[in-house]
Amino acid sequence: MRTRMSRVLTCAATLALAAASLTACGNGSGGGSSNDGRIHVLVYGDASNKVEKQIVDTFNKTSDVKAVLDTIPGADYQQKLQTIINTPQAPDIFFNWGGGSIQPFVKADLLMPLDDMIKQNPALKDKFLPAVFNSAVIDGKPYGIPMRGTQPVLLFHNKEVLDKAGVQPPRTWDELLGAVRKLKAEGVTPIALGGGDQWPTLMWFEYVYDRVAGPGLFQKALDGDKDVWASADSKKALGMLKDLVDAGAFGKTYDSVKYTNGASPALVASGKAGFELMGSWYYAQQQQDAKDFAAKGLGYTTFPTIPGGKGDASDVVGNTNNFYSVLKKTKHPEAVAAFLKLMYSDEFVKAQLAIGNLPTTTNTPPLLGTSASPEYSRFQYDLVAKAKSFQLSWDQAYPPAAITPIHQAVQQFFNGQLDADGFATAMQALPTE
């Protein structure tokens, strides 16, 4: 999924990023750790960039060392980051998902442990929920400061489409299958899916595996127990996913549809699809692309339960948060530390809430009323607070070398190129280090 957030803003879309260069969105040329007297902040290009631009502007009002925001379109972010991370064009600060996404950079000694910064300013740790902050702790050392917000995956829907078909947001798997049948009868695609990006398809695996087997199966796989992918629970989960595909839940052209160019959200907003399973950033995307729909027609609920499954109904999957990590070779560590302080400011929290994101700072709860949709923010906050398990997206929990094989395996299973045994074999081959 990771992440992937949403599709890139217009200015970011104009970036023609060569392997060794970045262009700042409206701020001149990139070159993060080059000696240009500025700090470069690299982020995933999407609808949340408006907040990052605002925070950079706030920082620049008082700092002698100026910050410049660089963006990479979402679909290319991981690959481009890995290309430039050890070059003169590397950023000083960069967006990531914690966990496996930064592990190789830590092993390569490219990142700055943040112990000293935190020692000088304990709020860089204490202002964030511990369970979230610890997602970027590797080998006992902190390598990331939370930014943006927690991103549970939710089942979104078009209220009008569901009403017309006589469908309620499904509470169980059987109700979901029933909704698929009714929506097909109305001539709409039951569930929008950006299968062309592959990672949206992965979300279905993450939730069904959790509901069937509980979070333990994936954790065992991550710890090196490859046999779990061939277990009875794994086969049951795959069988249920196949049933959903065979029922026509996603239509027939989902592999040619993408989320990153706004196509799949547009299907829901325009009434051509009923549901879409997506991270909580979906609200910000719809708010940007279909403001009236976001305000009046967008509904959301938790993932359905699976009777007899081992996973708790409160379990969520997604991204615990995004993080800013710092390159060890930055020439302006003091300015970087000052910039990171803004990640727990009231301005930051209010700006994120205004676009539907949910920060994980200790000062978030009293500010929930300032959200673009207080009801939506409280729904997310309660969901995360009550979750017995918050499972990090598979493609972010595994190291980057596993991302492409995971994405290919889920896509090939959905389109019938792999059967259950083939999927298990592909997952068993994933690197865990």
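Is Asp312 buried, partly exposed or exposed? Asp312 counts as partly exposed, because its relative accessibility is 28%, where buried means under 20% relative accessible area, exposed means over 50%, and partly exposed covers what lies in between, computed with a 1.4 Å probe on protein chains only. Before going further, note that this is a predicted model, in which local features need pLDDT of at least 70 and side-chain atom pairs count only at pLDDT 80 or more, while totals for chains, interfaces and linings use all residues. Residues are numbered from 1 along each chain as its sequence is written, and side-chain values use heavy atoms, with hydrogens and water left out.

Side chains of opposite charge can pair when their charged atoms come close. Asp312 forms a salt bridge with Lys388, with 3.4 Å between the closest N and O atoms; the term salt bridge stands for a side-chain nitrogen of Lys or Arg within 4 Å of a carboxyl oxygen of Asp or Glu. This pair links distant parts of the chain, since Asp312 sits in the loop between strand 10 and strand 11, whereas Lys388 sits in the loop between helix 18 (374–386) and strand 13 (390–392), 76 residues apart. Helices (H or I, at least four residues) and strands (E, at least two) are DSSP runs, numbered from the N terminus. Lys388 is exposed, with a relative accessible area of 68%.

The side chains of Asp233 and Lys310 also meet in a salt bridge, at 2.7 Å from N to O. Asp233 belongs to helix 12 (residues 232–246) and Lys310 to the loop between strand 10 (298–301) and strand 11 (316–319), so this pair ties together parts that are 77 residues apart in sequence. Asp233 counts as buried, at 18% relative accessibility, whereas Lys310 is exposed, with a relative accessible area of 59%.

A search of the whole structure finds 10 salt bridges. One of them joins the side chains of Lys141 and Asp115, at 4.0 Å from N to O. Lys141 lies in strand 5 (residues 141–142) and Asp115 in helix 5 (residues 115–120), so the two tie together parts that are 26 residues apart in sequence. Lys141 is partly exposed, with a relative accessible area of 37%, and Asp115 counts as partly exposed at 28%. Elsewhere, Asp46, Glu52 and Arg148 are linked in a network of salt bridges.

We can now turn to aromatic rings. A pair of aromatic rings is described by the distance of the centres and the angle of the planes. The whole structure holds 35 aromatic pairs, for which rings of Phe, Tyr and Trp (its six-membered ring) must have centres within 6.5 Å, and planes under 30 degrees apart count as stacked, over 60 as edge-to-face and the rest as tilted. Tyr44 and Trp97 form an edge-to-face pair, 5.9 Å centre to centre with 90 degrees between the planes. Tyr44 is in strand 1 (residues 38–45) and Trp97 in the loop between strand 3 (93–96) and helix 4 (103–107), 53 residues apart, and both residues are buried. Trp199 and Tyr259 form another edge-to-face pair, at 5.6 Å centre to centre and 70 degrees between the planes. Here Trp199 lies in helix 10 and Tyr259 in the loop between helix 12 and helix 13 (263–269), 60 residues apart. Trp199 is buried, with a relative accessible area of 6%, and Tyr259 is buried at 0%.

Next come the nonpolar cores. A nonpolar core is a set of buried Ala, Val, Leu, Ile, Met, Phe, Trp, Tyr and Cys residues joined through side-chain atoms within 4.5 Å. The largest one has 77 residues, and those with the most contacts inside it are Trp204, Phe205, Trp229, Phe250, Phe414 and Phe423. Helix 10 gives the largest share of this core, 10 residues. Apart from it lies another core, of 61 residues, among them Ile39, Met112, Val132 and Phe348.

Phe423 leads us to helix 21 (residues 420–428), whose buried residues are Gly422, Phe423, Ala424 and Met427. These buried residues pack against helix 10 (199–213), helix 12, helix 19 (394–397) and helix 20 (403–414), with contact meaning heavy atoms within 4.5 Å.
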